[in-house]
Amino acid sequence: METMAVSGMKVAPQDLAAFCIEAMRISGLNEEDARLTAEVLVTTDTLGTFTHGTRQLRGLLNNIRTGRLSATAHEEIAAEGPAWAIVDAHYAMPPAVSYRLMELAMQKAKACGIGFVGVKHSSHFGAAGFYANLAGQHDMIGLAMCNVDPCMTVPGGRSKIMGTNPIAYAAPAGTERPVFLDIATSAVAATKIFAARALGKQIPKGWLVDDEGLPTTDPGQYPARGAQLPMAGHKGYGLAVLVEILSAVLTGAAIMSGVKSWVLDDPEPTDEGHAFIAIDIGQMMPLDEFKARMDGMIREIHAAPLARGADRIYLPGEIEWEKRDRALTEGIALPADVIASLRGLAEDVGLDPEEFNLKL
Ligand SMILES: NC(=O)c1ccc[n+]([C@@H]2O[C@H](COP(=O)([O-])OP(=O)(O)OC[C@H]3O[C@@H](n4cnc5c(N)ncnc54)[C@H](O)[C@@H]3O)[C@@H](O)[C@H]2O)c1
């Protein structure tokens, strides 16, 4: 493999992947699950989505130690038709399972034009965008989503009713970059609330409600009390419900209050559900024509008049592609919390990061 010269606290993606693979191997995972999981998490870091990249590996391997995930289990098709499947993940390593099941959705799409794969008995799959992009890289439109334990209220409510249910889509283009959106359906990721709390700062209205269901700018009580708010009010709420229907109601996974947090020390199964959808563009329209039409759409957005003070308009995903370009040439500049998590992981499994060229 080509080696990359990196400086400062930057790490080469292949070194980070090798470290992660070895940590998973020591934890009992087979070669394929370790390799696929490392690809999901390291790619997510290269895109700059550090909250859901290799930072998550320590927690996932801790779930294996406590028995909430299984290092040796393998997902199994519970029911299927030519264009769809419902899969029991059997609590196998969620990023590896999700990687294979987006591939299954793509196989179904190759056969039928569109493929749907729903998953039950699973846990934390990381960033939804990775799986949507997998379809995008194969000239398909991809959608990926997941239901999560409740931490968000809904309009008119005050308690934690729904999860932050992430949803992502990706679509290929011609000479332009693929377009992809990868978002939680809550107003912000919980990490931003925790960061404000740690710094003793107030948060903007619209992120949290207090015990009464009234807007609060105080992050101090969350998550013990209060609840997050959906993005864009009823619109984020409505999308979170769609994610719940496709990932859980339809798949047999736990629904809302039935889902248990994967980060808490809770013996109960998480039972998150996922949904993966692939659309084989070439069966519906000549692929070149679709890509030319995507390029036209992208250029029209890029060429739109700018707001005063703005210097450019981004397409969804464009910020991440630019970060990935830099990470692949200069190395990944890992934030302090990711470094701390990787150091903890190294201690947990007895690895020396320096043996992987990682100066953590
Ligand atoms: N597995 C889970 O339990 C879980 C739960 C919640 C969130 N997540 C993940 O957390 C990550 C972060 O979610 P988030 O809601 O904080 O994301 P975010 O608010 O940072 O939004 C990111 C998305 O918005 C796009 N975007 C940002 N600024 C833009 C601009 N100016 N113009 C055009 N597009 C722009 C980005 O390209 C990207 O697609 C996601 O990867 C999500 O899948 C996972």
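Q: Hi! What kind of model is this, and what pLDDT do local features need?
A: The model is predicted: local features need pLDDT of at least 70, side-chain atom pairs count only at pLDDT 80 or more, and totals for chains, interfaces and linings use all residues. Residues are numbered from 1 along each chain as its sequence is written.

Q: Thanks! Which domains does the chain have?
A: The domain assignment gives domain 1 (1–65 + 318–360) and domain 2 (74–186 + 230–303). Such bounds come from an automatic or database domain assignment. The centres of domain 1 and domain 2, taken over C-alpha atoms, are separated by 23 Å.

Q: And how many residues are in contact between them?
A: On the domain 1 side 17 residues are in contact with 13 residues of domain 2. Contact here asks that the C-beta atoms of two residues, placed from the backbone, lie within 7 Å.

Q: Which elements of domain 1 touch domain 2?
A: Those giving two or more residues to that side are α2, α3 (57–65) and α9. Helix α2 gives the most, with eight residues. Helices (H or I, at least four residues) and strands (E, at least two) are DSSP runs, numbered from the N terminus.

Q: What classes of residue are on that side of domain 1?
A: It has six nonpolar, eight polar and three charged residues. For these classes, Ala, Val, Leu, Ile, Met, Phe, Trp, Tyr, Cys and Pro count as nonpolar, Asp, Glu, Lys and Arg as charged, and the others, Gly among them, as polar.

Q: Back to α2. How do the axes of α2 and α4 cross?
A: The axes of α2 (residues 31–46) and α4 (residues 94–112) come within 8 Å and cross at roughly 85°. α2 and α4 are therefore roughly perpendicular to each other, a label for angles of 65 to 115 degrees, while under 35 is roughly parallel, over 145 roughly antiparallel and the rest oblique. Axes are lines fitted to C-alpha atoms, for helices over the stretch in contact, and angles run from 0 to 180 degrees between N-to-C directions.

Q: Which residues make that contact?
A: From α2 they are E32, D33, L36, T37, V40 and L41, and from α4 they are P95, A96 and Y99. By class, the contact of α2 with α4 has six nonpolar, one polar and two charged residues.

Q: New topic: the ligand. Where does it lie?
A: Domain 1 and domain 2 both give residues to the shell around the ligand, so the ligand lies between them.

Q: How many residues surround the ligand, and which are closest?
A: There are 25, and the closest are A127, A128, P166, A184 and A189. A residue counts as near if its C-beta atom, placed from the backbone, lies within 6 Å of the molecule or strand. The shell divides into 15 nonpolar, eight polar and two charged residues.

Q: Which elements supply the shell?
A: α5 (128–137), β7 (179–183) and α9 (318–330) each supply at least two residues. The largest share, four residues, comes from β7.

Q: What about the sheet with seven strands: what order do they have?
A: The order is β2-β3-β4-β11-β5-β6-β7, in an open sheet with mixed pairing. Its edge strands are β2 (76–81) and β7, each pairing on one side only. Two strands pair if DSSP finds at least two bridges between them.

Q: How do β3 and β4 pair?
A: Strand β3 (residues 84–88) and β4 pair in the parallel sense over five bridges. The bridge partner of W84 is F116 in β4.

Q: Which helix lies across β4?
A: Helix α7 (residues 234–249) lies across β4, β5 (140–146), β6 (167–171) and β11 (272–280), running at about 90° to β11.

Q: What is the phi of H121?
A: H121 has a positive phi of about 55° although it is not a glycine. H121 is found in strand β4 (residues 114–122).

Q: Last one: which residues does the cis peptide bond join?
A: Y222 and P223, with omega about 15°. P223 is in the loop between β9 and β10.
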